[in-house]
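Subject: A structure for you to look at

Hi,

Here is the structure I promised to pass on, with some notes on what turned up in it. Please open it and keep it beside you while you read.

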Amino acid sequence: QVELEESGGGLVQPGGSLTLSCEASESISSRYSVSWYRQAPGKQRARVACINSFGLIDYDASLKDRFTIARGSGQNTVVLYIDVLKPEDTAVYYCGVVRSGSCYSTPTYWGQGTQVTVSS
């Protein structure tokens, strides 16, 4: 059982930036693929970015210019940098991990999410 905790969400003005962090209860630096998903009100949860166990990265094509996923300095953390935030980025952002080398594997473990609200 891997426990995940997201942090870094909040209220941000349009055009601002945020760094979200996903901290795991054990090392996720190898053997695990880590994804960030988001779920806006009334919409399905959708993946925005993933880094697989080999370090390869995949983004939602419409977001890759503003979103950056990276493994943190420690072995237990993955971060998501979001630039030029837009109101449509408002959502609960979730971290998910799966013990797989593929970003196409559905996460097995999920965090509770962190709310991001973009509004002036």
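Four strands form an open sheet in the order S1-S3-S8-S7, with antiparallel pairing. The strands S1 and S7 stand at the edges with a single partner strand each, so one side of each has no neighbour in the sheet. Direction ignored, neighbouring strands of this sheet are turned by 15 degrees against each other on average. (The angles run from 0 to 180 degrees between N-to-C directions, and the axes are lines fitted to C-alpha atoms, for helices over the stretch in contact.) Two strands count as paired if DSSP finds at least two bridges between them. The strand labels are DSSP runs numbered from the N terminus (E, at least two residues; helices are H or I, at least four).

Before going further, a word on where this comes from. The model is predicted, so local features need pLDDT of at least 70 and side-chain atom pairs count only at pLDDT 80 or more, while totals for chains, interfaces and linings use all residues. Residues are numbered from 1 along each chain as its sequence is written, and side-chain values use heavy atoms, with hydrogens and water left out.

How confident is the predictor? The mean pLDDT of the protein is 94, and 100% of its residues reach 70 or more; pLDDT is the predictor's confidence in each residue, from 0 to 100. Confidence is lowest in S6, at a mean of 95, and highest in strand S11 (residues 114-118), at 98.

In S1 (residues 4-7), Leu4 and Glu6 make up the covered face, and Glu5 and Ser7 the uncovered one. S1 and strand S3 (residues 18-24) run antiparallel and are joined by four bridges. Within this pairing, Ser7 stands opposite Ser21 in S3.

Next, the core. The largest nonpolar core has 28 residues, and Leu20, Ile28, Trp36, Leu80 and Tyr93 have the most contacts inside it. Strands S3, S4, S5, S7, S8, S9 and S11 each supply at least two residues of this core. (A nonpolar core is a set of buried Ala, Val, Leu, Ile, Met, Phe, Trp, Tyr and Cys residues joined through side-chain atoms within 4.5 Å. Buried means under 20% relative accessible area, exposed over 50%, and partly exposed in between, with a 1.4 Å probe and protein chains only.) Not counting residues up to four places away in sequence, Leu20 touches, among others, Ser7, Trp36, Leu80, Tyr93 and Val116, where contact means heavy atoms within 4.5 Å.

Now for the charged side chains. How many salt bridges are there? The count comes to three, a salt bridge being a side-chain nitrogen of Lys or Arg within 4 Å of a carboxyl oxygen of Asp or Glu.

- Arg38 and Asp89 meet at 2.8 Å, N to O. Arg38 lies in strand S4 (residues 33-39) and Asp89 in the loop between S8 and S9, so the pair ties together parts that are 51 residues apart in sequence.
- Asp89 and Arg66 also meet at 2.8 Å, N to O. Arg66 lies in the loop between S6 and strand S7, so this pair ties together parts that are 23 residues apart in sequence.
- Asp58 and Arg47 meet at 2.5 Å, N to O. Asp58 is in strand S6 (residues 57-59) and Arg47 in strand S5 (residues 46-51), eleven residues apart.

Arg38, Arg66 and Asp89 are linked in a network of salt bridges. Are its members buried or exposed? Arg38 counts as buried at 17% relative accessibility, and Asp89 and Arg66 are both buried too. Asp58, by contrast, counts as partly exposed at 27%.

Two valines deserve a look as well. Val84, in the loop between S8 and S9, has a positive phi of about 45 degrees although it is not a glycine. Val84 is partly exposed, with a relative accessible area of 47%. Val98 is in strand S9 and counts as buried at 8% relative accessibility. Leaving out residues up to four places away in sequence, Val98 touches residues including Tyr32 and Pro107.

Happy exploring!
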